[in-house]
Amino acid sequence: MTDQPTTVRPDRRAELAAGLARVRTRIADACAAAGRDRAEVTMIAVTKTYPAGDVLALAGLGVTDVGENRDQEAGPKAAEVTAAGVHVRWHFIGQLQRNKARSVVRYADVVHSVDSVRLARALDAAATTGRDRPLDALVQVSIDGDPARGGALPGSADPDRGLDPVADALAGATGLRLAGLMAVAPLGWEPERAFARLAEVAERLRQRYPQATALSAGMSGDLEQAVAHGATHVRVGSALLGMRPTLR
């Protein structure tokens, strides 16, 4: 981090403003088509690989929610944005290792990727000692039920990876608040099919935990289908910020 203020070039700010206008229009149109109130859907700007200056520019354009995938990038970026006097709501949306829990709870407002009871317990322990308020947590769902990929498994009796045990662990935690579900459409699945399946899982969860109303689904390529099936949060990266630099 530098002592110089973080800045963004005027042409980059214009690019971000144009991307933001397009994404906002898409979300509004999707809500209208689904008969939903636009206020029901929050856009999360996914800024992985992009600098803190882009976050500051987006915040200046009215963006309130920012998503990151990697703790080693997210922590310093969040600190830089805070040091600039700007406050956004940070969403950790990537796969999370238990040994990163203590770091993530220091800056994240929401963790979207809880997919095991062991991770829920690690986050709870870290949040209980490292925060002054509960951390919102979403269960990441494996829509296709493939245990080789991330996500809790709907209908599974696995005591660590089953969706119900993970949700129960979050709901019973002292330092966490069960907020809802997150999912990514599996490769090879049409988004319509994936998000319809997710909506069914979300409805069953809300029957047990009515407070778990958040549904994080949809990205740049499929946000319309996600909104049609009840997404409350869409995670938008390339459509907003452009093609990503190569991951380091």
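Reader: At what angle do helix 2 and helix 3 pack, and how far apart are their axes?

Author: This is a predicted model. In it, helix 2 (residues 52-60) and helix 3 (residues 71-83) pack at an angle of about 50°. Their axes are 9 Å apart.

Reader: What is the hand of the crossing of helix 2 and helix 3?

Author: The crossing is right-handed. Helix 2 brings Ala52, Val55 and Leu56 to the contact. Helix 3 brings Lys77, Glu80 and Val81.

Reader: Which residues of helix 1 and helix 2 meet?

Author: Helix 1 supplies Arg12, Arg13 and Leu16. Helix 2 supplies Asp54, Ala57, Leu58 and Gly60. They divide into 3 nonpolar, 1 polar and 3 charged. Gly counts as polar here.

Reader: Why is arginine 36 called buried?

Author: The cut-off for buried is under 20% relative accessible area. Arginine 36 has 17%, so it counts as buried. Its place is the loop between helix 1 (10-34) and strand 1 (42-46).

Reader: What does the side chain of arginine 36 reach at 2.9 Å?

Author: It reaches the backbone oxygen of alanine 231. A polar contact of 3.0 Å also joins the side chains of arginine 36 and glutamate 40. Beyond four places in sequence, arginine 36 touches Cys31, Val41, Val227, Gly230, Ala231 and Thr232.

Reader: Is alanine 39 buried or exposed, and how do you know?

Author: Exposed means over 50%. Alanine 39 has a relative accessible area of 68%, so it is exposed. Alanine 39 lies in the loop between helix 1 and strand 1. Alanine 39 and alanine 28 are 11 residues apart in sequence. In space they are 9.2 Å apart, C-alpha to C-alpha.

Reader: What is the phi of threonine 49?

Author: Threonine 49 has a positive phi of about 75°, although it is not a glycine. Most residues other than glycine have a negative phi. Threonine 49 is found in the loop between strand 1 and helix 2.

Reader: What makes threonine 49 count as buried?

Author: Its relative accessibility is 9%. Buried means under 20%, so threonine 49 counts as buried.

Reader: How do you know that valine 141 counts as buried?

Author: Valine 141 has 3% relative accessibility. The limit is again under 20%, so valine 141 counts as buried. Valine 141 is found in the loop between strand 5 (135-140) and helix 6 (163-171).

Reader: Which residues is valine 141 in contact with, leaving aside neighbours within four places in sequence?

Author: They are Gly151, Ala152, Pro154, Leu163, Leu181, Met182, Ala183, Leu198 and Val201.

Note on methods: Residues are numbered from 1 along each chain as its sequence is written. This is a predicted model: local features need pLDDT of at least 70, side-chain atom pairs count only at pLDDT 80 or more; totals for chains, interfaces and linings use all residues. Side-chain values use heavy atoms; hydrogens and water are left out. Helices (H or I, at least four residues) and strands (E, at least two) are DSSP runs, numbered from the N terminus. Buried means under 20% relative accessible area, exposed over 50%, partly exposed in between (1.4 Å probe, protein chains only). A polar contact is a pair of N or O atoms within 3.5 Å; within protein, one must be able to donate a hydrogen and the other to accept it, and residues adjacent in sequence count only if both atoms are side-chain atoms. Contact means heavy atoms within 4.5 Å. Axes are lines fitted to C-alpha atoms, for helices over the stretch in contact, and angles run from 0 to 180 degrees between N-to-C directions. A crossing is left-handed if the near helix is turned anticlockwise from the far one by less than a right angle, and right-handed if clockwise.
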